[in-house]
Amino acid sequence: MSAGHTTSPRVTLAVTTVLQVFLEKPAEARYGYDLMRETGYPSGVLYRVLGRLQSAGWLSRDPDQPNAAATGGQTRHMYRLTDAGAAAARDQLAALTRQLRLPVPGVTQDHRATEAARS
């Protein structure tokens, strides 16, 4: 892991949602505002998630218009999954999917197999 990067971020519902949006088109850069619309999270939640993912090295953040501040405009930033971030996101989401397939208390494996066969 490179300098300045921490360990993997805690994978919360908000982190999972943001990662799923990025993984739909992993090479595509996204604006924070677009991510707010796609995830439904307000800026306070979204930018904390983006900051954690960036600190972990999973996202890069680049100014869209590097000279905007010099001309009086506000600099917008583009967020993009890093190669390491895309791989880690896929691994984390796969692990979460496996964890969510927990057995239901009181339901046996045979019962679930029978129900699945009926579907």
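**Ground rules.** I number residues from 1 along each chain as its sequence is written, and side-chain values use heavy atoms, with hydrogens and water left out. Because the model is predicted, I take local features only at pLDDT of at least 70 and side-chain atom pairs only at pLDDT 80 or more, while totals for chains, interfaces and linings use all residues.

**Overall.** I looked up the secondary structure and found 5 helices and 3 strands. Helices (H or I, at least four residues) and strands (E, at least two) are DSSP runs, numbered from the N terminus. Along the sequence the pattern reads α-β-α-α-β-β-α-α. Of the 119 residues, 29% are buried; buried means under 20% relative accessible area, exposed over 50%, and partly exposed in between (1.4 Å probe, protein chains only). I also checked contacts, meaning heavy atoms within 4.5 Å. Among those between residues at least 6 apart in sequence, 58% join residues at least 24 apart.

The 3 strands form an open sheet in the order 1-3-2, with antiparallel pairing. Two strands pair if DSSP finds at least two bridges between them. I noted strand 1 (30–31) and strand 2 (59–63) as the edge strands, each pairing on one side only. Strand 1 pairs with strand 3 over 2 bridges, and Tyr 31 stands opposite Met 78 in strand 3.

**Helix 1.** I found helix 1 lying across strand 1, strand 2 and strand 3, at about 85 degrees to strand 3. Axes are lines fitted to C-alpha atoms, for helices over the stretch in contact, and angles run from 0 to 180 degrees between N-to-C directions. Helix 1 (residues 13–24) packs on helix 2 (residues 32–39) at about 110 degrees, with the axes 10 Å apart. I therefore logged helix 1 as roughly perpendicular to helix 2, a label that covers 65 to 115 degrees. Helix 1 makes this contact through Thr 17, Val 18, Val 21, Phe 22 and Glu 24, and helix 2 through Leu 35, Glu 38 and Thr 39.

**Arg 80.** I placed Arg 80 in strand 3 (residues 77–81). Arg 80 counts as partly exposed because its relative accessibility is 35%. Leaving out residues up to four places away in sequence, I listed its contacts as Phe 22, Ala 27, Glu 28, Ala 29, Trp 58, Leu 59 and Ser 60. I also checked Arg 30, which is 50 residues from Arg 80 along the chain; their C-alpha atoms are separated by 6.4 Å.

Methods:
Angles under 35 degrees count as roughly parallel, over 145 as roughly antiparallel, 65 to 115 as roughly perpendicular and the rest as oblique.
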